[in-house]
Every structure is written in structure tokens, then in C-alpha cells.
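Colleague: I am new to this structure. Please pick one part, look at it closely, and then show me what surrounds it.

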Amino acid sequence: MKSQTPPAAISTGPALPTELASPPPLSPLLPPSRIRLSSSHRGARLARLLCAQQLDEWGIPRTGSASAVITAVVAEFAANAVTHGRTPGRDFEVRLTLAAELVRVEVIDTRPDRLPRAPGISPPPPLDSTGGRGLLLVAAYAERWGWVVRDPYTKLVWAEVGYDA
């Protein structure tokens with residue numbers, strides 16, 4: 001469910017990210033889930049699997065479309081953290097927060113110098129390219145999303161995805 005009026009800090013386009021914007025305040029229903037994973041393809045795969053398990057525990061069934069969408073956003077952010085946000089020997093972190101009618105996904109990686117390319121703002125990848133379209137998926141499914149450089153060593157990429165309560 002896309003919100004009708006986006007907060008002032010969020011851009012007004014169709015889920016375009018707001019560069020360097022912290023996620024808006026959220027009232028969680030339960031304590032957030034957070035896990036640190038190795039910056040490897042195995043870590044990205046585990047992020048996806050553990051997300052589906054956590055959503056199921058929160059009452060969002062694995063077989064439902066909301067779980068598939070939220071898990072796809074986690075998979076994209078985790079793959080980007082491993083591919084573009086990796087510093088050898090440093091982990092990435094995934095956080096999930098359940099709120100009324102939405103789940104916030106946050107991924108923290110160790111490359112604040114490598115910011116996401118914004119769909120609709122950055123040029124699209126060439127048609128024959130095998131990558132570069134994942135954030136289009138995030139933009140299509142998220143209510144809003146963005147990123148913020150937290151300190152000289154980390155950045156946080158976040159998205160909020162609606163679900164039927």
C-alpha cells in the first residue's frame with residue numbers, strides 16, 4: 001500500500017530514493033531482528049533465507065506474496081552489499097523491523113564511498129547487460145527507500161515494504 005502523502009524528507013516520485021536520507025521514524029510492533037553475515041555470496045543467501053524465516057515467525061507466511069516481495073528486497077540489498085559494499089574481512093548487517101502494515105529492511109555495509117545508482121535518475125544499464133536492474137525491483141515494490149552514509153566506515157540502505165496485516 002503506497003502512502004498517499006510522502007514525508008517531506010522523501011522524494012515525491014514513484015519510490016525514487018532520497019539520497020543520504022535516514023529512514024523516517026517507525027513504531028515497531030516487536031523488537032527488530034538483526035543479524036551480521038559474512039560479506040560473501042553465502043552470507044547473501046543466508047540473509048534471504050533468514051528473512052523468510054523471520055517473516056514467517058512474525059505471521060507473514062513464506063508462501064504469501066508479501067513474504068516473497070520483502071525477501072526479494074533483502075536479497076537485492078544483500079547481493080549489493082556483497083558485490084559493491086564489501087571490504088575484505090568485514091561483515092554486513094541485515095535488520096528487519098515489523099510495524100503496522102509495513103516491514104522496514106535495512107542493510108549496513110562497509111563501503112560508504114559506493115552509493116546506489118538511483119533508478120529513474122541514473123541512466124539504465126545497457127539492454128545486453130546481465131546486471132544493474134535490481135534496484136528497479138526495489139523501487140517497484142517499496143513504499144519508499146533510500147540510503148545514508150552513517151559514518152566514514154558504513155552506509156545504510158533501507159526500504160519500507162507494505163504487507164496486509
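**A close look at one strand residue and its sheet**

Modeller: Thr 97 lies in strand E2. Keep in mind that this is a predicted model. Is Thr 97 buried or exposed? Its relative accessible area is 10%. The cut-off for buried is under 20%, so Thr 97 counts as buried.

What touches Thr 97, once neighbours within four places in sequence are set aside? Its contacts are Leu 26, Pro 28, Pro 32, Trp 58, Leu 102, Val 103 and Arg 104.

Next, Pro 31. This residue sits in the segment before E1. The C-alpha atoms of Pro 31 and Leu 98 are 8.0 Å apart, although 67 residues separate the two along the chain. Pro 31 has 64% relative accessibility, so it counts as exposed.

Now step back to the whole. The protein has 3 helices and 5 strands. Read from the N terminus, the elements go β-α-α-β-β-α-β-β. There are 165 residues, and 45% of them count as buried.

The sheet comes next. Its 5 strands form an open sheet, ordered E1-E2-E3-E5-E4, and the pairing is antiparallel. Which strands stand at the edges? They are E1 (33-37) and E4. Each has a single partner strand, so one side of each has no neighbour in the sheet. From one strand to the next, the twist averages 15°.

Helix H2 packs on this sheet. H2 touches E2 (92-99), E3 (102-109), E4 and E5. The direction of H2 makes about 10° with that of E3.

E5 is mostly covered, with 9 of its 9 residues buried. In a regular strand, side chains alternate between the two faces of the sheet. In E5, Thr 154, Leu 156, Trp 158, Glu 160 and Gly 162 point one way. Lys 155, Val 157, Ala 159 and Val 161 point the other way, and all of these residues are buried.

E5 has strands to pair with on both sides of the order, E3 and E4. Between E3 and E5, which run antiparallel, there are 8 bridges. Arg 144 stands opposite Glu 160 in E5. E4 and E5 form a hairpin, with 2 residues between them.

Last, helix H3 (residues 134-141). Its axis and that of H2 (residues 65-83) come within 10 Å and cross at roughly 145°. The crossing is left-handed. On the H2 side, the residues in contact are Val 69, Ala 72, Val 73, Glu 76, Phe 77 and Asn 80. They meet Gly 134, Leu 135, Leu 137, Val 138 and Tyr 141 of H3. By class, this contact has 8 nonpolar, 2 polar and 1 charged residues.

Which residues of H3 are buried? They are Gly 134, Leu 135, Val 138 and Ala 139. Seen down the axis of H3, the buried residues fall within an arc of 140°, so they line one face of the helix. They pack against H2, E4 (144-151) and E5 (154-162).

Notes
Residues numbered from 1 in each chain as written. Predicted model: local features only at pLDDT ≥ 70, side-chain atom pairs only at ≥ 80, totals over all residues. Heavy atoms only, no water. Axes fitted to C-alpha atoms, helices over the stretch in contact; angles between N-to-C directions. Helix = DSSP H or I, 4+ residues; strand = E, 2+ residues; numbered from the N terminus. Left-handed = near helix turned anticlockwise from the far one by under 90°. Contact = heavy atoms within 4.5 Å. Nonpolar A, V, L, I, M, F, W, Y, C, P; charged D, E, K, R; others polar. Buried < 20%, exposed > 50% of the residue type's maximum accessible area, 1.4 Å probe, protein only. Arc of directions from axis to C-beta. Pairing = 2+ DSSP bridges.
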